[in-house]
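Student: I would like to learn how to read the features of a model like this one. Could we go through it together?

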Amino acid sequence: MKHKVSKRVISLKWVPFICISFFVLGAIFTSWSWEPSSDSGSQLISQRHRDHELQILSDDCDHKKKATQEKDVINQVLKKQESIQSLDKSVSTLQMELSSSTRTSSQETVDDSSLSGANPKKKVFMVMGINTAFSSRKRRDSLRETWMPQGEKLEKLEKEKGIVIKFMIGHSATSNSILDRAIDSEDAQHKDFLRLVRQLTRNLLKKEYSLFTSFLFCLQEHVEGYHELSAKTKIFFSTAVARWDAEFYIKVDDDVHVNLGMLASTLARHRSKPRVYIGCMKSGPVLAQKTVKYHEPEYWKFGEEGNKYFRHATGQIYAISKDLAKYISINQPILHKYANEDVSLGSWFIGLEVEHIDDRNFCCGTPPDCRWKAEAGDVCVASFEWSCSGICKSVERMKIVHEVCSEGEEAVWNALL
């Protein structure tokens with residue numbers, strides 16, 4: 001038996017309508033499923049904004065951190081500078097206290113020794129320090145062979161006339177170097193050095209006094225050098241005052257000819273004056289140019305460019321009385337050093353009641369100048385040449401100058417002091 005299958009037939013006119021309807025519904029569904037929500041967009045923008053702000057903050061923090069680090073470094077440098085300044089001030093104060101206590105102790109020692117009968121600080125008429133260097137052995141020998149007494153005569157001059165003559169020199173930058181040993185050997189032979197050496201304790205200082213007659217160990221330290229002449233001058237006067245009680249203290253260079261008798265007689269005429277500064281007074285130009293020999297780094301302190309220094313004794317030879325030497329010894333930690341040693345010395349006496357004595361016999365020329373003056377009855381104290389700041393080629397010419405300019409060997413022994 002056959003069954004008849006029924007079929008539902010959709011009208012063809014509905015087919016296009018149904019297709020369009022499904023297409024529209026699909027498009028609407030797709031649009032809803034892929035369209036980002038407004039909330040998500042806002043969150044994305046906010047996230048990007050926060051990231052930007054964080055980057056700015058991070059950069060700002062890094063900048064502040066670097067600035068803080070730089071500020072910390074600057075503060076550390078300033079603190080170190082303040083510490084150094086404080087240390088310098090403390091050292092200066094201690095030096096002043098040491099100088100004061102040394103002076104007081106020395107005075108007490110002298111008083112005690114006078115009461116107990118011990119030997120006090122030796123009283124002499126004058127102490128002459130001849131400025132010299134390690135390389136100047138031939139210069140020293142030229143003086144020993146002419147106007148400077150040697151051996152027993154040197155000792156006799158100190159004992160009978162109260163005239164002490166010593167080559168003054170410090171030490172080398174290297175302890176116990178070949179330079180120092182050479183000076184030790186030379187001193188052992190001639191016994192005519194005053195050494196400005198490293199620090200020693202007071203007990204050792206006294207011990208060295210008893211062991212060595214030609215060396216002086218003081219509470220100072222001086223390293224030789226051309227640009228250290230101002231410091232060397234201060235230490236020389238302090239050292240000499242500590243060892244000898246002299247009426248006058250003289251500094252002279254090792255390329256200058258000196259007539260000791262005339263020098264002693266000249267100083268004796270001023271012994272009643274309390275504070276005298278004797279030499280050839282000059283007032284040279286303040287040299288601001290760095291390329292010149294006597295350049296003054298602190299030229300601005302002397303006024304306008306082209307100005308001159310105040311009056312001061314030329315550095316080849318000068319003499320100061322006891323009170324001025326003591327003044328330098330006590331106040332040396334705070335005495336300013338200029339580039340030139342003679343300018344420094346002159347500056348230390350500005351503001352003090354000091355009599356400046358300009359004696360042109362302290363700066364005679366070499367022959368024939370010194371001979372003419374001697375023939376006129378005006379014997380020179382010292383002779384040198386301005387062009388060389390001493391006697392030119394002094395090693396070769398010192399004997400020639402001495403033969404013409406010398407006052408005679410007996411003059412110093414006959415000087416009335």
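Student: Where is the place of K191?
Tutor: K191 sits in the loop between α5 and β3. Keep in mind throughout that this is a predicted model.

Student: What is the phi of K191?
Tutor: The general idea is that most residues other than glycine have a negative phi, and most peptide bonds are trans. K191 is not a glycine, yet its phi is positive, at about 55°. The residue is partly exposed, with a relative accessible area of 42%. Another case is K393, a residue other than glycine with a positive phi near 50°. K393 belongs to the loop between β9 (382-383) and α12 (394-405), and with a relative accessible area of 65% it is exposed.

Student: And which residues does a cis peptide bond join?
Tutor: P367 and P368 are joined by a cis peptide bond, with omega at about 10°. You will find P368 in the loop between β8 and α11 (369-375).

Student: Now the sheet, please. What is the order of the strands in the open sheet?
Tutor: Strands of a sheet pair through backbone hydrogen bonds, either parallel or antiparallel. Here, seven strands form an open sheet in the order β3-β2-β1-β4-β7-β6-β8, and the pairing is mixed. At the edges are β3 (193-195) and β8 (355-358), each of which pairs on one side only. On average, neighbouring strands of this sheet are turned by 30° against each other, direction ignored.

Student: Do β1 and β4 run parallel or antiparallel, and how many bridges join them?
Tutor: They run parallel, joined by nine bridges. By contrast, β4 and β7 run antiparallel, with five bridges between them, and K251 stands opposite Y318 in β7.

Student: How many of the residues of β4 are buried?
Tutor: Nine of its 10 residues are buried, so the strand is mostly covered. F248 lies in this strand and is buried, with a relative accessible area of 1%. Leaving aside neighbours within four places in sequence, F248 has contacts that include F125, M126, V127, L267 and I320. F248 and I320 are 72 residues apart in sequence, yet their C-alpha atoms are 5.7 Å apart in space.

Student: Which strands does helix α10 lie across?
Tutor: Helix α10 (residues 341-348) lies across β4 (244-253), β6 (276-282) and β7 (312-321), and runs at about 35° to β7. Helix α3 (residues 137-144) lies across β1, β2 and β3, running at about 170° to β2.

Student: At what angle do α3 and α5 pack?
Tutor: Two packed helices are described by the angle between their axes and the distance between the axes. For α3 and helix α5 (residues 178-190), the angle is about 10° and the axes are 13 Å apart. That makes α3 roughly parallel to α5. R137, R140, D141 and R144 of α3 make the contact with I183, E186, Q189 and H190 of α5.

Student: My last topic is aromatic rings. How many aromatic pairs does the structure hold?
Tutor: A pair of aromatic rings is described by the distance of the centres and the angle of the planes. This structure holds nine such pairs. In the pair F302 and F310, the ring centres are 6.0 Å apart and the planes are at 40°, so the pair is tilted. F302 is buried, at 14% relative accessible area, whereas F310 is partly exposed at 21%. For F384 and W386, the centres are 5.1 Å apart and the planes are at 70°, so this pair is edge-to-face. F384 is buried, with a relative accessible area of 2%, while W386 is partly exposed at 45%.

Student: Which residues do ring pairs link into a cluster?
Tutor: The cluster is made of F302, Y309, F310 and Y338. One more ring to visit is that of W413: K156 lies over its face, at 5.2 Å from the ring centre.

Terms used
Residues are numbered from 1 along each chain as its sequence is written. This is a predicted model: local features need pLDDT of at least 70, side-chain atom pairs count only at pLDDT 80 or more; totals for chains, interfaces and linings use all residues. Side-chain values use heavy atoms; hydrogens and water are left out. Rings of Phe, Tyr and Trp (its six-membered ring) pair if their centres lie within 6.5 Å; planes under 30 degrees apart count as stacked, over 60 as edge-to-face and the rest as tilted. Buried means under 20% relative accessible area, exposed over 50%, partly exposed in between (1.4 Å probe, protein chains only). A charge sits over a ring if NZ of Lys or CZ of Arg is within 6 Å of the ring centre and within 35 degrees of the ring normal. Two strands pair if DSSP finds at least two bridges between them. Helices (H or I, at least four residues) and strands (E, at least two) are DSSP runs, numbered from the N terminus. Axes are lines fitted to C-alpha atoms, for helices over the stretch in contact, and angles run from 0 to 180 degrees between N-to-C directions. Contact means heavy atoms within 4.5 Å. Angles under 35 degrees count as roughly parallel, over 145 as roughly antiparallel, 65 to 115 as roughly perpendicular and the rest as oblique.
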